[in-house]
Amino acid sequence: MKPGFWQRLDLWARRLGPFLSALLLLLLGTIPLRLPYLGSITPDFAIMAVFFWAVHRPGSMPAPAVFLLGVISDVLGGTPFGVGVLVLLAAYWVTRSQRRLLIGQPFLVVWWGFMMVSAGALILTWLVVCLLAVQFVNPTPALFAYFLGLALYPIVTQLFTGAQRLVDGRT
């Protein structure tokens with residue numbers, strides 16, 4: 001029996017949910033936070049989304065979807081074209097390779113894993129931008145964005161966990 005329109009729409013929504021949530025966070029991350037004395041700082045929501053879905057639902061966030069997120073990040077962001085793709089794919093690869101160590105662990109262990117992957121992404125981004133600019137780029141704003149991202153990751157995780165339960169039909 002052929003599934004009906006609503007069943008197919010539901011299936012597509014379940015498959016695209018992780019990507020769409022990552023895209024929504026990526027778009028949210030383009031809104032700069034105007035903090036006193038800190039200028040314009042935005043946490044890297046794309047890394048948060050890629051890390052979370054690569055750990056908890058890797059089949060729903062395949063490498064082509066991560067590539068597309070990187071392209072969108074490059075188009076919307078202030079880094080040279082290709083940096084977002086490189087960094088997100090590298091973070092995705094590292095996270096997928098360490099998934100066995102992270103899955104089923106307490107939140108603090110997973111959060112530590114995010115801290116490491118996010119730090120690696122920050123360093124890689126900074127190095128590539130410095131090389132492409134052929135000059136030293138001040139890392140201070142990126143460090144503040146990194147720490148802001150670490151502080152926001154538990155909130156993002158709660159949102160994604162709720163979305164995952166909703167998609168899976170659990171309450």
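**Exercise 1.** Determine why the radius of gyration of the protein agrees with that of a compact globule.

*Solution.* The radius of gyration is taken over C-alpha atoms, and the globule rule is 2.2 Å times the number of residues to the power 0.38. For 171 residues a compact globule would have a value near 16 Å, and the protein has 17 Å, which agrees. Along its principal axes, the C-alpha trace spans about 60 × 35 × 35 Å. This is a predicted model, in which local features need pLDDT of at least 70 and side-chain atom pairs count only at pLDDT 80 or more, while totals for chains, interfaces and linings use all residues. Residues are numbered from 1 along each chain as its sequence is written, and side-chain values use heavy atoms, with hydrogens and water left out.

**Exercise 2.** Identify the residues that touch the most other members of the largest nonpolar core, and the element that gives the largest share.

*Solution.* A nonpolar core is a set of buried (under 20% relative accessible area, 1.4 Å probe, protein chains only) Ala, Val, Leu, Ile, Met, Phe, Trp, Tyr and Cys residues joined through side-chain atoms within 4.5 Å. The largest one has 38 residues, of which F51 and L69 touch the most other members. Elements giving two or more residues to this core include α1 (5–29), α3 (63–76) and α7 (140–168), but the largest share, eleven residues, comes from α2. Leaving aside residues up to four places away in sequence, L69 touches F19, A22, L23, L26, V50, M61 and L88, where contact means heavy atoms within 4.5 Å.

Note on methods:
Buried means under 20% relative accessible area, exposed over 50%, partly exposed in between (1.4 Å probe, protein chains only). Helices (H or I, at least four residues) and strands (E, at least two) are DSSP runs, numbered from the N terminus.
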